[in-house]
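Good morning, everyone, and thank you for making the time. Please take a moment to look at the chain on the screen, and then I will walk you through it.

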Amino acid sequence: VRPALWGVYNFQWRDLALCAMVAVVTTLWSAQLPLLNGRPQPALLSLLFDKTLVMRQEDWVVGPFGLVGTFAICGVMKWFTTMMALSLAMPTGVVAPTMIIGGLIG
């Protein structure tokens with residue numbers, strides 16, 4: 001039997017390191033896209049379902065990709081990072097990203 005760390009059995013430093021890695025990767029990737037940059041999940045959901053989002057596209061569209069390309073890039077990035085979060089030993093906090101993927105798709 002392994003000794004308990006903080007009263008929790010089966011604690012793995014690997015699990016904590018993987019969670020930190022996913023958080024860092026998600027933060028760095030989303031910082032590169034103006035639509036996702038620095039917005040908390042509820043604010044991003046509100047923005048995606050805003051009726052005037054397409055009218056104000058000069059603030060968040062990535063130049064060479066256009067409107068559809070920016071949505072596609074954001075969707076792929078969110079899908080990939082959500083799949084990374086789901087594959088962790090403690091998959092928490094994946095409800096809002098899944099809803100954001102739905103907002104980006106449809």
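Let me begin with a definition: the expected span of a helix is 1.5 Å times one less than its number of residues. Helices here are DSSP runs of H or I with at least four residues, strands are runs of E with at least two, and both are numbered from the N terminus. What you are looking at is a predicted model, in which local features need pLDDT of at least 70 and side-chain atom pairs count only at pLDDT 80 or more, while totals for chains, interfaces and linings use all residues. Residues are numbered from 1 along each chain as its sequence is written, and side-chain values use heavy atoms, with hydrogens and water left out.

As for confidence, pLDDT is the predictor's confidence in each residue, from 0 to 100; the chain has a mean of 81, with 89% of its residues at 70 or more. The secondary structure amounts to four helices and zero strands, and from the N terminus the order is α-α-α-α. Confidence is highest in helix α3, residues 66-86, with a mean of 88, and lowest in helix α4, residues 95-105, with a mean of 83.

Turning to α1, we find 19 residues reaching 27 Å from the first C-alpha to the last, close to the 27 Å expected at 1.5 Å a residue. Which residues of α1 are buried? By buried I mean under 20% relative accessible area, by exposed over 50%, and by partly exposed anything in between, with a 1.4 Å probe and protein chains only. The buried residues of α1 are D15, V22 and S30. They cover an arc of only 45 degrees around the axis, which puts them on the same side of α1; the arc is that of the directions from the helix axis to the C-beta atoms. On the other side of α1, W13, R14, T27 and L28 are exposed.

The buried residues of α1 pack against α3, where contact means heavy atoms within 4.5 Å. To take one of them, D15 counts as buried because its relative accessibility is 14%. Leaving aside neighbours within four places in sequence, D15 is in contact with A89 and M90.

Finally, where does V94 sit? V94 is in the loop between α3 and α4, and, at 14% relative accessibility, V94 counts as buried. Not counting residues up to four places away in sequence, V94 touches T82, A85 and L86.
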